[in-house]
Amino acid sequence: MICLRPTLLVRLLCAILFPASGLLAAVVVLSPRPAAAQFVVCNQSLDVVNVAIGRDAGGTFETEGWWIVGANRCATVIREELTTRYVYVHAGDVFGRPVLYGSTEMCVGEKSFTVSGIDSCLARGYRPARFLEVDTQAVARWTLFIAPRP
């Protein structure tokens, strides 16, 4: 029995499917195609960053977070195709210092959160934070790169 590209998994599958039968077999292992990421944040710095996003959710703004993006890593923060032109991104280091500088104020939570609306953050138990407006130029997929500080 011969298996093409015999990784351990393929060898085990071959042994199970074609046990010492003397047949010549080729096993092709297909993996499902991963879903295309729609809005990705890549951290090109050497620091870990915490990321929150904001976007128009049908007439009201909604913010969501946190994604922890390691040094030289990426995180998919929106999995479906983009339906709005602008995505708002807030990113800070592990000490809470901003990594991106924006002018649009929205609400964030201390732990994992989803917040509808951007008004009265403190009164609703959230804190205001400044988000950078990212113009995705109305494309379906976008990647934002966070560069290291000079």
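Predicted model: local features only at pLDDT ≥ 70, side-chain atom pairs only at ≥ 80, totals over all residues.
Mentor: Local features need pLDDT of at least 70 and side-chain atom pairs 80 or more, while totals for chains, interfaces and linings use all residues. Numbering starts from 1 along each chain as its sequence is written, and side-chain values use heavy atoms, with hydrogens and water left out.

Trainee: How many aromatic pairs are there by the rule?

Mentor: The count is two. Rings of Phe, Tyr and Trp (its six-membered ring) pair if their centres lie within 6.5 Å; planes under 30 degrees apart are stacked, over 60 edge-to-face, the rest tilted.

Trainee: What makes the pair of phenylalanine 61 and tyrosine 88 edge-to-face?

Mentor: The centres are 5.6 Å apart and the planes stand at 80 degrees. Phenylalanine 61 is in strand β3 (residues 61–69) and tyrosine 88 in strand β5 (residues 86–93), 27 residues apart. Strands are DSSP runs of E, at least two residues, numbered from the N terminus.

Trainee: Why is tyrosine 88 called buried?

Mentor: Buried means under 20% relative accessible area, exposed over 50%, partly exposed in between (1.4 Å probe, protein chains only). Tyrosine 88 has 8%, so it counts as buried; phenylalanine 61 has 27%, so it is partly exposed.

Trainee: Why is the pair of tryptophan 66 and phenylalanine 113 edge-to-face?

Mentor: The ring centres are 5.5 Å apart and the planes at 70 degrees, so the pair is edge-to-face. Tryptophan 66 lies in β3 and phenylalanine 113 in β7 (residues 113–116), so the pair ties together parts 47 residues apart in sequence.

Trainee: What is the strand order of the open sheet?

Mentor: The order is β6-β8-β5-β2-β3-β7, with antiparallel pairing. Two strands pair if DSSP finds at least two bridges between them; β2 (residues 49–56) and β5 have six.

Conventions:
Helix = DSSP H or I, 4+ residues; strand = E, 2+ residues; numbered from the N terminus.
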